[in-house]
Amino acid sequence: MTGSAAESAVTRQAEAAKPEKLGATERLEVISAPGIDELGQAPEVSKSAPPTEKVQFSVWNEEKTALLTETEDGSAALCALPGENLDGGVLLRWDDTLVKFPWRYATNYRAELKLWLRDMDGDRTKELVVSCQIGGGTGVNYEELHVVKKTENGNLSAYAVPQELWTSLASALKLVENDGRLYAVLGQELVDLSFITEKLEEDNVPERLGCGDWVRFAASAWSDTGIEVEAGVWMAGELLPVLACYVGNVRGHITFRDGEFSLDDLHLDVWEVGRAHV
């Protein structure tokens, strides 16, 4: 069976399933969690020290401060500090303010750190949004998101997305069986996973779904406020190790208001036959 034919079969089977039997009847509520407070610290360098020429991360020698990325208008920039890769430590400049944050990061020529100016909370004042890649593998990235605001005393404070947000999202995912077929359910959406589970050995019985172990972010192309999010979904069981079987992803938007991050407009996608990693 070709890839397109297999996908069509999966679609027909999912449409034929009875959503009420599978629990796909309740509208998914917005998933929220309070952000982790982060206060910028005074760096041990002068304001004239940050470089202005961008350095490709893959050739950075870690011996001097290096400009990794900046906003399109040049008002904000993120610099790597010598010897602090992965252990935390970036230099953030936003307009005339220069601070150090203990953020982890690891990147290369394929995936750079990201900076956006977005009105995340709808107050008509833009926040600085930072996405730091801290790990990855073939075709996947794990990124951490920070929202930076200016304080009244001229400093910068930030909020990080907590693990609690992804734990709550994982709890909303359900793995159910109907007439010998396995389905993933998220709110009112369901997808048939049988074409993936048929590849597994007989003892590798999936028991649950999880997500949040790889996450990536992107600025929305349709709005100057939104940030899009994509989180990988995996199956696990007694003999099926966690993260060994990625089956798809949850995509949607992440918002920030009053110190709290929220996930909304969430959709569940199963990967095509060729991308399913078993």
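Over how many bridges do S11 and strand S12 (residues 181-186) pair, and in which sense, parallel or antiparallel? I looked: S11 and S12 pair over six bridges, in the antiparallel sense.

**Ground rules**

I am working from a predicted model, where local features need pLDDT of at least 70, side-chain atom pairs count only at pLDDT 80 or more, and totals for chains, interfaces and linings use all residues. I number residues from 1 along each chain as its sequence is written, and side-chain values use heavy atoms, with hydrogens and water left out.

**Overview**

I counted four helices and 17 strands in the protein chain. My helices (H or I, at least four residues) and strands (E, at least two) are DSSP runs, numbered from the N terminus. Of the 278 residues, 48% count as buried, where buried means under 20% relative accessible area, exposed over 50%, and partly exposed in between (1.4 Å probe, protein chains only). I also checked contacts, meaning heavy atoms within 4.5 Å. Among those between residues at least 6 apart in sequence, 54% join residues at least 24 apart.

**The three-stranded sheet**

Back to S11 and S12. They belong to an open sheet of three strands with the order S11-S12-S13 and antiparallel pairing. I call two strands paired if DSSP finds at least two bridges between them. The edges are strand S11 (173-178) and strand S13 (189-192), each of which pairs on one side only. On average, neighbouring strands here are turned by 30° against each other, direction ignored.

Helix H3 (residues 163-172) lies across S11 and S12 and runs at about 15° to S11. For such angles I use axes that are lines fitted to C-alpha atoms, for helices over the stretch in contact, and the angles run from 0 to 180 degrees between N-to-C directions.

**The four-stranded sheet**

Next I followed an open sheet of four strands, order S3-S4-S5-S6, again with antiparallel pairing. S3 and strand S6 (97-101) are its edge strands, pairing on one side only.

How many residues of strand S4 (residues 76-80) are buried? I found five of five, so S4 goes down as mostly covered, by the under 20% cut-off. Ala76, Leu78 and Ala80 point one way from S4, Ala77 and Cys79 point the other way, and all are buried.

On one side, four bridges join strand S3 (residues 66-70) to S4, antiparallel, and Leu67 has Cys79 as its bridge partner in S4. S3 and S4 form a hairpin with five residues between them, and Gly74 in the turn has a positive phi of about 75°. S4 is also joined to strand S5 (residues 90-94), antiparallel, by five bridges. Here Ala80 has Val90 as its bridge partner in S5.

**Ser220**

Is Ser220 buried or exposed? I have it as buried, with a relative accessible area of 8%. Ser220 sits in the loop between strand S14 (208-219) and strand S15 (227-237). Leaving aside neighbours within four places in sequence, Ser220 is in contact with Arg118, Gly226, Ile227, Glu228 and His253.

**Pocket and cavities**

I searched a 1 Å grid over the protein atoms alone: a cavity is a set of points where a 1.4 Å probe fits but cannot get out, a pocket is an open set with protein on both sides within 12 Å along at least five of seven lines, and lining residues have an atom within 4 Å of a point. Grid points are joined across faces, edges and corners, and a volume is the space filled by probe spheres set on the points.

The largest pocket has a volume of about 260 Å³. I count 13 lining residues, with Arg27, Leu28, Glu29, Asp265 and Leu266 nearest its centre. Strand S17 (residues 260-270) gives the largest share of that lining, five residues.

The search gave two cavities of 30 Å³ or more. The second largest cavity has a volume of about 30 Å³. Its lining includes Ala184, Val191, Leu193 and Val233. Strand S16 (240-257) and S17 are the elements that give two or more residues to the lining of this cavity.
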